[in-house]
Amino acid sequence: MKTAVFIGRFQPPHQAHLETITRALSRFDRLIVVLGSAFCHPTPKNPFSAEERAAMIRESLSESSRLHFIPIADDYYNDPRWFGSVRAAVEALTGPGAEICITGYHKDESSYYLHGFGDWPFEPSGVVSPLNATDVRNSYFASSGEWKAMVPLAVRQFMEQFARTPSYSRLQREWKTIQHYRSLERRYPYPILHIATDAVVLAQEQVLLVERKGPLGQGAWALPGGYVELKETLLQAALRELREETGLALEARHLKATQAFDYPGRSLRGRVISLGHFFDLGDTPPPAVEGQDDASRAFWLPLAELDPHQDRFFEDHYQQICWFLGRAPHQPALSQTKEPL
């Protein structure tokens, strides 16, 4: 029995995705669709949950009994760990000794993963299409209507219904803000790099977070932080943003470690490099904090609650916390992987 694996974000599933899935089901005994960027806060780039994407794909097919889904969380800073997570999840579903291959098509430089699984050979789907989900999303949030011909009927029906929800309105406002930023950057002759800082503050096994108030990531949980001003150091910027957003005043002596987070696609705002600053207050009780400035609230989250809420975090802030804690981001257990197929 041969199993094909098709990896993507499917934000949303479009006609070329459906054709690839249909061809794979006709060629292989079973197909596993890996849904990337799972368990993250909804953004204009990733508006739909893994469950919603799986449902859209199933509803687009006349028969899907040999189709299985695995959601995989992002791991921005460690490709080998991401490949390992995909491999472990697939093998947990298929059982040992299964014949597995990767299927799909080369879209752009992001398709490098197709040849990254060693003994899992790449078998091209044969699909050739100019369609891409970015164009679908841009048309969708621009309310232009062109996107409707790019997606299967079931996907169109879901997206039309979603467009009547408050979640769509929030994402559309965020999309328009991002488009405004991009239009400003296009006027400059050189690529623009933005420098930011974030503060990871621990006290008695709790981490300090804020809830974002502005149009970008509204309602998401985030680390206190922001852009560096012209006449301050990175550390001064981290301490200032921490004080402005939470009311917590720390000193340089509380700093334990720093780390640059520079994954090129980490932010929808543009090319943003952030220097994380780790402050560990040890056994000191968590000081009182209050959301101010860009934060609607500030609060302390017990580390035991970190993994169950990873889908609430802004950008890569969950991954930043995991990095300073010295552990890998959590891959939620999947009920469908409990027994091999």
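**Stop 1: C322 and the cysteines**

Select C322 and find its sulfur. The closest cysteine sulfur belongs to C40, and it lies 14 Å away, too far for a bond. A disulfide needs two cysteine sulfur atoms within 2.5 Å. This is a predicted model, and it holds zero disulfides. A disulfide is a covalent bond between the sulfur atoms of two cysteines.

Is C322 buried or exposed? C322 is buried, because its relative accessible area is 0% and anything under 20% counts as buried. Now select C101. C101 also has 0% relative accessibility, so it counts as buried.

**Stop 2: helix 8**

Stay around C322 and select residues 317-325. This is helix 8. Seven of its nine residues are buried, so helix 8 is largely enclosed by the rest of the structure. Which residues of helix 8 are buried? They are H317, Y318, Q319, Q320, I321, C322 and F324.

Next, show what lies over them. The cover includes strand 6 (193-203), strand 7 (206-212) and strand 8 (221-222). Strand 10 (255-261) and strand 11 (271-280) are also among the covering elements. Then step just past the helix to G326. G326 takes a positive phi of about 75°.

**Stop 3: H194**

Pick H194, which sits in strand 6. Leaving out residues up to four places away in sequence, H194 touches E185, Y227, R271, V272 and I273.

**Stop 4: F39**

Move to the loop between strand 2 and helix 2, where F39 is found. F39 has 22% relative accessibility, so it counts as partly exposed. Along the chain, F39 and Q310 are 271 residues apart, but 6.4 Å separates their C-alpha atoms.

**Stop 5: two nonpolar cores**

In soluble globular proteins, nonpolar side chains tend to be buried together. Here, the largest nonpolar core has 22 residues. Select I21, L31, V33, I57 and L67, the residues with the most contacts inside this core.

Which elements each supply at least two residues of this core? They are strand 1 (2-8), helix 1 (15-27), strand 2 (30-38), helix 2 (50-59) and strand 3 (67-73). Helix 1 gives the most, with five residues.

Zoom in on I21. Beyond its neighbours within four places in sequence, I21 is in contact with F6, L31, V33, I57, L61 and L67. A second, separate core has 19 residues, including V5, I70, V90 and L114.

**Stop 6: Q15**

Go to Q15 in helix 1. With 33% relative accessibility, Q15 counts as partly exposed. Its contacts, leaving aside neighbours within four places in sequence, are L131, A149, M150, V151 and P152. Q15 and L61 are 46 residues apart in sequence and 12 Å apart in space, C-alpha to C-alpha.

**Stop 7: helices 4 and 6**

Finish with residues 133-141, helix 4, and residues 166-185, helix 6. The two pack at an angle of about 105°, with their axes 10 Å apart. That angle makes helix 4 roughly perpendicular to helix 6.

Now show the side chains where they meet. Helix 4 brings N138, Y140 and F141 to the contact. Helix 6 brings Y168, L171, Q172, W175 and Q179. How many of these contact residues are nonpolar, polar and charged? Five are nonpolar, three are polar and none is charged.

Key. Residues are numbered from 1 along each chain as its sequence is written. This is a predicted model: local features need pLDDT of at least 70, side-chain atom pairs count only at pLDDT 80 or more; totals for chains, interfaces and linings use all residues. Side-chain values use heavy atoms; hydrogens and water are left out. Axes are lines fitted to C-alpha atoms, for helices over the stretch in contact, and angles run from 0 to 180 degrees between N-to-C directions. Helices (H or I, at least four residues) and strands (E, at least two) are DSSP runs, numbered from the N terminus. Angles under 35 degrees count as roughly parallel, over 145 as roughly antiparallel, 65 to 115 as roughly perpendicular and the rest as oblique. Contact means heavy atoms within 4.5 Å. Ala, Val, Leu, Ile, Met, Phe, Trp, Tyr, Cys and Pro count as nonpolar, Asp, Glu, Lys and Arg as charged, and the others, Gly among them, as polar. A nonpolar core is a set of buried Ala, Val, Leu, Ile, Met, Phe, Trp, Tyr and Cys residues joined through side-chain atoms within 4.5 Å. Buried means under 20% relative accessible area, exposed over 50%, partly exposed in between (1.4 Å probe, protein chains only).
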